[in-house]
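Visitor: I'd like to learn how to read a structure like this one. Could you walk me through a few features?

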Amino acid sequence: MIAVIALTVLSIYGFANYYIARRLWQWLFFRLPSFGLPVYCTVFAVLAGGYILSTVLSSLLPGEVKRVLGLIGGNYLGAFMFLLPLVLLADLVRAAGLGGERWPLIAGIAIVSATAVIMGIGYGSARSLKTTEYTVKADKGAGESLKIAMISDLHLGDVVGASLLSNVVIAINEMEPDIVVFCGDTFDHGPGGVREIKQCEQLLRSITSRYGVYACMGNHDGGFIGLEDEAAAFLERCGITMLRDEALLVKDMFYVVGRKDKSEGQRLSPVALLQDLDKTKPIIVLDHQPEQLSEESAAGADLVLCGHTHKGQIFPIGLITSAIYEVDYGALERDGCTMIVSSGAGTWGPRVRLGTRCEVVSITLEY
């Protein structure tokens, strides 16, 4: 079933790219020399297929080739989202008999120019990191507070590397948090795909907090080929405690609970994971995908921290994520439990954000 869905999606994507490439050639690039068509087709094929090839053939391609394909193809995915509707719109204008004889040329230039401008804006936005603050109350009667630095969806790999991670670590350390939590997708395709891996390891080691750094697994961390153990081992070497369906009582004050990602297969239910915990202490659950607030609340969680959605990353995908998830960004409280979903510190695919921002999250938990 998964293979059928994947083949269907790839077929639609391939046809859409053929349509875009054909129209742009007819409207604009046919002015290239006679040898230009094979060159144009080759370049377009690399752009459209680069990210897919870098993912599917990741274990076969030389590291630098995979990185370049991932970078080029990933950014093209962002451009594709604007090229397709703009080309369709131009075709509709032409079909309606509007625009005149020079419309194809005007449309071609306008489409390429508009896409370049949009991508440039999105490229800049993806490099802007903000800090989002929340205050959450848990009725435990202790009169204490806990400052939490939360990061999700770094997607360290071919595209995101030490430069972004350095900014994230600076932001975390400036908070002077009590604990730091990574809520999944620290890696894009497992730890082996991380460029500048030594620098990234040193940066992760430099994170400071009062009571430790903790993490849960995301759907990308295992590289989709079962590398979750390798991802966990890498983070452990960096001083980050990986929790996979595990609960840890910290300094006899509060619990940090990390859930397996649902992509790992079988995982404990919230009730099974939390049933033996002391409910007079705050229970903080790290769960990459924001799908089980009701179950986690009923099981006794006070705070659930998630990522995964990127808030859509590129408008208008956020309209889709908000329709899929009860909360795809921000905070939602239910029966004394608050779920916070971050838009993420990094990006997946294109190094582009439109209508969203990269963020680290500062949470004050009052209990």
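Predicted model: local features only at pLDDT ≥ 70, side-chain atom pairs only at ≥ 80, totals over all residues.

Visitor: Is Arg23 buried or exposed?

Guide: Buried means under 20% relative accessible area. Arg23 has a relative accessible area of 16%, so it counts as buried.

Visitor: Which residues does Arg23 contact, leaving aside its neighbours within four places in sequence?

Guide: Those are Val87, Asp91 and Arg94. With Asp91, the side chain of Arg23 makes a salt bridge, 2.8 Å from N to O. This pair links distant parts of the chain, with Arg23 in helix α1 and Asp91 in helix α3 (residues 63-95), 68 residues apart.

Visitor: How many salt bridges does the whole structure hold?

Guide: The idea is a side-chain nitrogen of Lys or Arg within 4 Å of a carboxyl oxygen of Asp or Glu. A search of the whole structure finds 16. One of them joins Glu201 and Arg205, whose closest N and O atoms are 3.3 Å apart.

Visitor: Why are Glu201 and Arg205 separated by about one helical turn?

Guide: Because they sit four residues apart in helix α6 (residues 197-205). Glu201 is buried at 13% relative accessible area, whereas Arg205, at 48%, is partly exposed.

Visitor: What about Arg334 and Glu326?

Guide: Their side chains also meet in a salt bridge, at 2.1 Å from N to O. Arg334 is partly exposed, with a relative accessible area of 23%, and Glu326 is exposed, with 52%. Salt bridges can also be joined up: Arg259, Arg267, Asp287 and Glu296 are linked in a network of them.

Visitor: And how many disulfides are there?

Guide: A disulfide is a covalent bond between the sulfur atoms of two cysteines. The search of the whole structure finds zero. Take Cys183: the nearest cysteine sulfur belongs to Cys216 and is 5.3 Å away, while the cut-off for a disulfide is 2.5 Å. Cys183 is buried, with a relative accessible area of 0%, and Cys41 is partly exposed at 42%.

Visitor: Last one: which residues make the nonpolar surface patch of about 350 Å²?

Guide: Met1, Ile5 and Val9 make that patch. Ile5 lies in helix α1 (residues 2-27) and is partly exposed, with a relative accessible area of 46%.

Methods. Residues numbered from 1 in each chain as written. Heavy atoms only, no water. Patch = residues over 30% accessible without salt bridge, like charges linked within 9 Å, V, L, I, M, F, W, Y side chains within 5 Å. Areas by Shrake-Rupley, 256 points an atom, 1.4 Å probe, with all protein chains shown as cover. Helix = DSSP H or I, 4+ residues; strand = E, 2+ residues; numbered from the N terminus. Buried < 20%, exposed > 50% of the residue type's maximum accessible area, 1.4 Å probe, protein only. Contact = heavy atoms within 4.5 Å.
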